[in-house]
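Here is a short briefing on one protein model. Keep the structure in view as you read.

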Amino acid sequence: MGQHQKLKTFDTSSDDRPGLDELVPSRYAVRVGEIEALVVSDGIIWIPAVAMATNADPASRSAWLGDRFLPPDRLDWALNAFVLRSGSQTILIDSGLGGEYSGYPRAGQFVHRLAAAGVDLASVTDVVLTHMHFDHVGGLLVDGVKEQLRPDLRVHVSAAEAKFWENPDFSRTAIPPEFAEVIRRASMQFLEEYRSHLCTFEEEQGVAPGVVVTRTGGHTPGHSVIRVTSGGERLMFAGDALLPASFDHPEWHNGFEHDPEEATRVRLRLMQELAANGSLVVSTHMPFPSVGRVAAEGKLFRWVPAWWDY
Ligand SMILES: [Zn+2]
């Protein structure tokens, strides 16, 4: 192949599809038996370092960050959404941040990256929400998105989650009031716009062949994870149940958790399950592509990134 043809790969001048000129990959495909899965990066958000471990002593929090060559004051966080194709269904799992929040200029990319990946919004049959924080529902609130979605779209969310956001309680979180207001408004807008599409469930619901959503609670009262099983292979989309520090410090409370003690119990239970069955796991805020496994080492856990496959 000549030089000209190689360069042509990056040349998008004759093609106005957005996203093709991105030199850092933002989507990663995995197969789980018969089911096709695609991690799509919405970009990067950040949290104050103190919010990643509200109950840790500052020295051990700084040590954790320092050991990873991360700055001491603020933590860049990946924001990943997920797409599944099972049988005739195309399923979005969460939707990133959307475009309304000026503090996060590097996020809100999900919708155009979905288009660049060849996933047409009109082909989406189901949306599954891990929970209704703004970094998970925001992509569905972007202008023009709802109009492209099908009128018979099903949005699966636990009944506890939908109920919680009617009148949310932030008292156990470390979210500043003005920020809580932004989060509350996004969830209210989501409930207003998508109420007629909601397919709520109590504890568990089958979404498609091999795709089951199960409520865990903890991070939010209706927080849920999605288990994908096909042809003897497994993958879990863990949402915000597993965060970057969860493996070394499952006991650290994240400031966005509405019930931090329960969130710790949930992640311990999930990590034990994942370490025992060797399932792949993808979680929202692990670095892209966020595909890996969990190993158990005594009482601690270790994140084992999957080796990229082509
Ligand atoms: Zn989140």
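Seven strands form an open sheet in the order β1-β2-β3-β4-β5-β6-β7, with mixed pairing. β1 (27–32) and β7 (198–201) stand at the edges with a single partner strand each, so one side of each has no neighbour in the sheet. On average, neighbouring strands are turned by 25 degrees against each other, direction ignored. The model is predicted: local features need pLDDT of at least 70, side-chain atom pairs count only at pLDDT 80 or more, and totals for chains, interfaces and linings use all residues. Residues are numbered from 1 along each chain as its sequence is written, and side-chain values use heavy atoms, leaving out hydrogens and water.

**Terms for the sheet**
- Strands (E, at least two residues) and helices (H or I, at least four) are DSSP runs, numbered from the N terminus.
- Two strands pair if DSSP finds at least two bridges between them.
- Angles run from 0 to 180 degrees between N-to-C directions, with axes fitted to C-alpha atoms, for helices over the stretch in contact.

**The β1–β2 hairpin**
- β1 runs antiparallel to β2 (residues 35–48), and six bridges join them.
- Val32 has Ile35 in β2 as its bridge partner.
- Two residues lie between the strands of this hairpin, and Gly33 in the turn has a positive phi of about 60 degrees.
- Buried means under 20% relative accessible area, exposed over 50%, and partly exposed in between (1.4 Å probe, protein chains only).

**The zinc site**
- Asp135 (OD), His136 (NE2), Asp240 (OD) and His285 (NE2) coordinate the zinc ion at 2.2 to 2.3 Å.
- Donors are N, O and S atoms within 2.8 Å of the metal (3.2 Å for Na, K and Ca); water is not among the atoms, so sites may look incomplete.
- Asp135 lies in helix α4 (residues 134–137) and Asp240 in the loop between β11 (233–237) and α8 (260–277), so the pair ties together parts 105 residues apart in sequence.
- Asp135 is buried at 6% relative accessibility, and Asp240 is buried at 3%.

**Gln89 in β4**
- Gln89 lies in strand β4 (residues 89–93) and is buried at 14% relative accessibility.
- Its contacts (heavy atoms within 4.5 Å) beyond four places in sequence include Leu84, Thr125 and Arg154.
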